[in-house]
Amino acid sequence: MAVVGARSNRHNIMAFPGMTAATSQQAIIAATQTFYHPPISTQDIQPDRPIGYGAFGVVWSVTDPRDGRRVALKKMPNVFQNLVSSKRVYREIKMLCFFKHENVLSALDILQPHNIDFFQEIYVITELMQTDLHKIIVSPQPLTADHVKVFLYQILRGLKYLHSANILHRDIKPGNLLVNSNCVLKICDFGLARVQELDENKHMTQEVVTQYYRAPELLMGASHYSSSVDIWSVGCIFAELLGRRILFQAQTPIQQLELITDLLGTPSEDDTKTACHGARSHILRRPHKANSMAALYTLSSQATHEAVHLLCQMLVFNPDKRISCADALSHPYMDEGRLRYHSCMCRCCQTTPAGRQYIADFEPVSPHVFDDCFEKDLTSVHQVKDRLYQFIFERYKGLYRMPLCINPHSAAFKSFTREFPQNSHIISLYK
């Protein structure tokens, strides 16, 4: 009942041994040639089904025909409409293939396009996660202090890895934090991610980060910013986990900025040095407001002194004075989250007959920075399309893993293509 499957030159869809022909024809993905797989019961085969929609496309829960594993299949349609969007997609694909971290979602596979002339969409396979942090926060499910600590620990752990690779996420929000039933969390959606720009004279786009989680320097029109924009977003999420409501929820960017100053107080001129003239004038001509960060203690009974102390270091108006991921992970509040994660949740530490064997570095950095030099000479959509097409095929060289492709004859695929335009307004788990 899968959407993906293997494909031969004759476009034969290869089924699991034990699967009926009717069952295999339901699969959206297929393998590209005949292969052996141990027999499995047809009762174990789950139907392919949509799990989310959004502006980016659609995500389905499908079965990998090579091993029977349930995975997420993300369709990215209309990739090559213009140079800016096609380069962003290329960058996102390269990043997803670069990531190697437990708390960062990565690409398990990319489906091979049939022909470059008909190459208009990309299908990426990732690990299947069950929900996201937004859905957990708004649910009636109780969240203990342990939940908050282990979620925050994993967010910071994944973000430390990204920042060490010189990557800014630029859209950290609860909906982009995927969670499984065992509380393992992964950062996803790198559509707005980019490499840190070291040259402060180079302009960086301000149209990033969902408004509720947007740092004040972005709201005030800063043309250059750093990884501290992600830390601000984490601080907003931390407060949201404690209070089960959005901390700064305004209708417009100006109102958003005013809500921030209501809590943090009126910033100094030095704190607004990166702001555009209009934004600085608006803030400084308003009546002076005193700091009211003590109100954070009223978020919930879990807003302890340690929690609020760390939160106050994340929610700092001046990005240069905001705490870093590494320093936040060293805060005493994170000790219990670290212990719980590494004692029973992580894959990096191992349980042996002699007891738990812990890894030397609990929060590893990336061994390499992400190199975006591939973008420098891309000047046309056709060029991006050709490079991306070659990149997908090059990934399989030297690998003993069978390529996958879309099975366009499956009933599930017909539903797959039909449902996206009709339901594109629905927010996805992977948005």
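In this predicted model, the crossing of helices H6 and H9 is left-handed. Helix H6 spans residues 228–243 and helix H9 spans residues 305–314, and the two pack with their axes 8 Å apart and at an angle of about 150°. On the H6 side, the contact is made by Ile231, Trp232, Val234, Gly235, Phe238, Ala239 and Leu242, while H9 contributes Ala307, Leu310, Leu311 and Met314. Sorted by class, the residues of this contact are 10 nonpolar and one polar, with no charged residue taking part.

Lys74 lies in strand E5, which runs over residues 70–76. Is Lys74 buried or exposed? Because its relative accessibility is 14%, and buried means under 20%, Lys74 counts as buried.

The elements named above have these residue ranges:

| Element | Residues |
|---|---|
| Strand E5 | residues 70–76 |
| Helix H6 | residues 228–243 |
| Helix H9 | residues 305–314 |

Turning to the protein as a whole, its secondary structure comprises 13 helices and 15 strands. The protein has 431 residues, of which 55% count as buried. Among the contacts in the protein with a separation of 6 or more, 72% are accounted for by residues 24 or more positions apart. The accessible surface amounts to about 19,300 Å², and 53% of this surface belongs to carbon and sulfur atoms.

Conventions
Residues numbered from 1 in each chain as written. Predicted model: local features only at pLDDT ≥ 70, side-chain atom pairs only at ≥ 80, totals over all residues. Heavy atoms only, no water. Helix = DSSP H or I, 4+ residues; strand = E, 2+ residues; numbered from the N terminus. Buried < 20%, exposed > 50% of the residue type's maximum accessible area, 1.4 Å probe, protein only. Axes fitted to C-alpha atoms, helices over the stretch in contact; angles between N-to-C directions. Left-handed = near helix turned anticlockwise from the far one by under 90°. Contact = heavy atoms within 4.5 Å. Nonpolar A, V, L, I, M, F, W, Y, C, P; charged D, E, K, R; others polar. Areas by Shrake-Rupley, 256 points an atom, 1.4 Å probe, with all protein chains shown as cover.
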